[in-house]
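Here is a short note for a colleague who is new to this structure. Please keep the sequence and the model open while reading.

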Amino acid sequence: TAARERLLALRGPAAAGTTPHGPSLLCSLSAAEDLTRRIGRRADGNGKQPWRGQTWRDEWVKIRREELVLQGNELEDIVVETTETTLPRFRQEVEWLVQSGWEGCDAKAYTLLVYMGRGALGAALRVGSRRYAASTHALTGLLLSRAGQGELPPTCFCNLSGRWGLSEEDPAWGALSAAGAAPGASFIATTVSGGLVANDHTFADGRGLRIPIFCA
């Protein structure tokens, strides 16, 4: 189809085997076009090769430093850990992805960028900055490849506004609370947002969603 050919033109022939179909194809195409407008097209198209000689690891220190500043830390107090030092804390998350069919290197990249840098990536993307282009292309390439696997995600819940809310993390979610918003409304997010599955911690008392806080 024309949509599939256009997506392959933006993401490159290496993405041919993982191109989604149906509604997912149209969503992926819309996101790919928006990404291209903001930070340019990726030369190799699949998020695995360097972007102008850079990989996500080359951008890691700056990403993590900006993430910590966004969280309210003073710049002079920030000490950024290396990826090798940080990864052991996310062993379970990486192992879960590998068991779900991800390659080890992809699982590590996704976990660190989403858990430890998504705020910085989103902030750069919203203003059209290419300062983290390699990481952004790597992350979107991984998401596109998984979208083509036909996997159904679990049902997740998250508050739309307020502390730790989706709109606080990415203003694009505000479209759902805008006047005239109705079921079926769509928008393009600039940050990979997370949610919580329903369990005894998140729905503990019959009064709605609760966000558990774990203190070390």
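What percentage of the 216 residues of the protein chain count as buried? The share is 36%. The model is a predicted one, and the points below should be read with that in mind.

1. **Overall layout.** The protein chain has 8 helices and 2 strands. Along the sequence, the order is α-α-α-α-α-α-α-β-α-β. Take the contacts in the protein chain with a separation of 6 or more: 61% of them join residues 24 or more positions apart.

2. **The main core.** The largest nonpolar core has 22 residues. Within this core, Y110, L112 and L139 touch the most other members. Four helices each supply at least two residues: α3 (56-70), α5 (91-99), α6 (104-126) and α7 (133-147). Helix α6 gives the largest share, with 10 residues. As background, nonpolar side chains in soluble globular proteins tend to be buried together.

3. **L112 in detail.** Which residues does L112 contact, once neighbours within four places in sequence are left aside? They are W56, W60, T83, T86, L87, F90 and G117. Two of these, W56 and W60, are also listed in α3 where that helix meets α6.

4. **α3 against α6.** Two packed helices are described by the angle between their axes and the distance between the axes. For α3 and α6, the angle is about 60° and the axes are 8 Å apart. On the α3 side, the residues are W56, W60, I63, R64, E66, E67 and L70. They meet A109, L112, L113, M116, G117, R118, G119, A120, L121 and A123 in α6.

5. **α5 against α6.** Here the angle is about 135°, and the axes lie 9 Å apart. Roughly antiparallel would need an angle over 145 degrees, so α5 and α6 also count as oblique. This crossing is right-handed. From α5 come E93, V94, L97 and V98. Their partners in α6 are G104, A107, K108, Y110, T111 and Y115.

6. **Aromatic pairs.** How many aromatic pairs does a search of the whole structure find? It finds 5. One of them joins W102 and Y110: the ring centres are 5.1 Å apart and the planes stand at 55°, so the pair is tilted. W102 has 12% relative accessibility, under the 20% cut-off, so W102 counts as buried. Y110 is buried too, because its relative accessible area is 17%. Another pair, W173 and F187, is edge-to-face, with 5.0 Å from centre to centre and 70° between the planes. Both W173 and F187 sit in the loop between α8 (166-169) and β2 (196-197), 14 residues apart. F187 has 28% relative accessibility and is partly exposed.

7. **T191 in the loop.** T191 also belongs to the loop between α8 and β2. Is T191 buried or exposed? It is buried, because its relative accessible area is 8%. Leaving out residues up to four places away in sequence, T191 touches R118, G122, R126, E169 and D170.

8. **E169 in α8.** E169 lies in helix α8. Its relative accessible area is 25%, so E169 is partly exposed. Beyond neighbours within four places in sequence, E169 is in contact with R118, R126, T191, V192, S193 and G194. The C-alpha atoms of E169 and A123 are separated by 9.6 Å, though the two residues are 46 residues apart along the chain.

9. **L68 in α3.** L68 is in helix α3. With 14% relative accessibility, L68 counts as buried. Apart from neighbours within four places in sequence, L68 is in contact with N73 and I78. The C-alpha atoms of L68 and I78 are separated by 7.4 Å, and these residues are 10 residues apart along the chain.

How values were computed:
Residues are numbered from 1 along each chain as its sequence is written. This is a predicted model: local features need pLDDT of at least 70, side-chain atom pairs count only at pLDDT 80 or more; totals for chains, interfaces and linings use all residues. Side-chain values use heavy atoms; hydrogens and water are left out. A nonpolar core is a set of buried Ala, Val, Leu, Ile, Met, Phe, Trp, Tyr and Cys residues joined through side-chain atoms within 4.5 Å. Buried means under 20% relative accessible area, exposed over 50%, partly exposed in between (1.4 Å probe, protein chains only). Contact means heavy atoms within 4.5 Å. Rings of Phe, Tyr and Trp (its six-membered ring) pair if their centres lie within 6.5 Å; planes under 30 degrees apart count as stacked, over 60 as edge-to-face and the rest as tilted. Axes are lines fitted to C-alpha atoms, for helices over the stretch in contact, and angles run from 0 to 180 degrees between N-to-C directions. Angles under 35 degrees count as roughly parallel, over 145 as roughly antiparallel, 65 to 115 as roughly perpendicular and the rest as oblique. A crossing is left-handed if the near helix is turned anticlockwise from the far one by less than a right angle, and right-handed if clockwise.
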